[in-house]
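Reader: I have a model open and would like to talk through its fold and packing with you. Could we start with the overall architecture and work inwards from there?

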Amino acid sequence: ARAYHALQKGEMEKLLQSLAAFPEAKSGVAAMEWALSDGPAEQVVSTLGAAFVRIFDGLGGPQIAPPYRSFYENDQGLLCQQATEEMNRVLHQHRMRLADAVHEPSDHLAIQLELMAQLALRLAEAAASAQPPSAPLLAEQLDFLATHLLGWVPRFVERLALVDSTGYYAGLAAVLQSFLEEDRAYLASEV
């Protein structure tokens with residue numbers, strides 16, 4: 001329902017225009033815009049909802065693109081493997097844990113992005129307190145980004161390009177990848 005209202009109010013268009021300001025994100029944004037303009041808003045929301053369920057909540061097979069690192073790091077496409085154990089250790093190392101309401105393996109994309117956000121927040125807090133960002137904190141964020149996200153997100157993006165007939169989720173993932181790569185370049189320049 002929120003997506004429908006965002007489409008009706010033009011909020012999605014504003015967001016996509018701001019994302020398109022980044023040259024590397026333009027093709028992903030274009031795919032999202034095409035998907036969002038492919039019919040009346042109610043139909044688009046229904047189509048995207050059905051695609052979401054098929055792609056991300058599917059029961060398996062070639063038409064899914066699970067947002068879990070472990071799926072992309074073993075030949076059988078299994079979940080809850082070494083990547084999940086590694087992420088559990090990283091969360092513990094940062095004194096973080098999943099809320100009881102979260103029923104996803106810790107190597108889920110959203111959980112990994114949340115950890116990146118927390119690491120970025122720590123950098124911002126250091127900068128706000130007039131302390132120069134510490135090299136170890138920058139290096140830690142860069143390592144997490146390179147190992148835990150950019151180590152598998154490109155394969156996730158490729159798979160989405162194959163299975164997402166709407167183009168919306170593939171476009172969104174391509175935008176994400178471009179931002180992750182931009183973040184990596186920034187962090188590398190600061191370390």
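Reader: What is the count of helices and strands in the protein chain?

Author: In this predicted model, the protein chain has 10 helices and 0 strands, so that the order of elements from the N terminus on reads α-α-α-α-α-α-α-α-α-α. The radius of gyration is 18 Å, close to the 16 Å that the globule rule gives for 191 residues, and the chain is therefore as compact as a globular protein of that length. Along the principal axes, its C-alpha atoms fill a box of roughly 50 × 40 × 30 Å.

Reader: And which elements have the lowest and the highest mean pLDDT?

Author: Helix α1 (residues 2-9) has the lowest mean pLDDT among the elements, at 57, whereas α9 has the highest, at 96. For the protein chain as a whole the mean is 87, with 93% of the residues reaching 70 or more.

Reader: What share of the residues is buried?

Author: Buried residues make up 40% of the 191 in the protein chain. Among contacts with a separation of 6 or more, 66% are between residues 24 or more positions apart.

Reader: Which residues of the largest nonpolar core touch the most other members?

Author: That core has 47 residues, and the ones touching the most other members are I55, F144, L149, F156, L160, Y168 and Y169. Its largest share, 8 residues, comes from α10.

Reader: Let's look at α10, then. How does its span compare with what its 23 residues should give?

Author: The two agree, because at 1.5 Å a residue the 23 residues of helix α10 (residues 168-190) should span 33 Å, and the end C-alpha atoms are 33 Å apart. Its buried residues are Y168, Y169, A170, G171, A173, V175, L176, Q177, S178, L180 and L187, and what covers them includes α2 (11-19), α3 (26-36), α4, α7 (109-128), α8 (135-149) and α9.

Reader: What does Y168 touch, beyond its neighbours within four places in sequence?

Author: Leaving those neighbours aside, Y168 is in contact with M12, A31, M32, A35, L36 and L48.

Reader: Why does Q177 count as buried?

Author: Q177, which is in helix α10, counts as buried because its relative accessibility is 15%, and the cut-off for buried is under 20%. Not counting residues up to four places away in sequence, Q177 touches V153, P154 and V157.

Reader: And Y186, buried or partly exposed?

Author: Y186 also lies in helix α10, but at 45% relative accessibility Y186 counts as partly exposed. From C-alpha to C-alpha, Y186 and L142 are 9.2 Å apart in space, while in sequence they are 44 residues apart.

Reader: Changing topic, how many aromatic pairs are there?

Author: The structure holds 10 aromatic pairs. One of them joins F52 and F56 in a tilted arrangement, with 4.9 Å centre to centre and 50° between the planes. These two are 4 residues apart in helix α4 (residues 41-56), so about one helical turn separates them. F52 is partly exposed, with a relative accessible area of 36%, whereas F56 counts as buried at 18% relative accessibility.

Reader: Which parts of the chain does the pair of F56 and F156 link?

Author: F56 and F156 form a tilted pair, 6.4 Å centre to centre with 45° between the planes, and it links distant parts of the chain, since F56 is in helix α4 and F156 in helix α9 (residues 153-163), 100 residues apart. Both F56 and F156 are buried.

Reader: Which residues form the aromatic cluster with them?

Author: One aromatic cluster is formed by F52, F56, F71, Y72, W152, F156, Y168 and Y169.

Terms used:
Residues numbered from 1 in each chain as written. Predicted model: local features only at pLDDT ≥ 70, side-chain atom pairs only at ≥ 80, totals over all residues. Heavy atoms only, no water. Phe/Tyr/Trp six-rings, centres within 6.5 Å; stacked < 30°, edge-to-face > 60°. Buried < 20%, exposed > 50% of the residue type's maximum accessible area, 1.4 Å probe, protein only. Expected span 1.5 Å × (residues − 1). Contact = heavy atoms within 4.5 Å. pLDDT = per-residue confidence, 0-100. Core = buried A, V, L, I, M, F, W, Y, C linked by side-chain atoms within 4.5 Å. Rg over C-alpha atoms; globule rule 2.2 N^0.38 Å.
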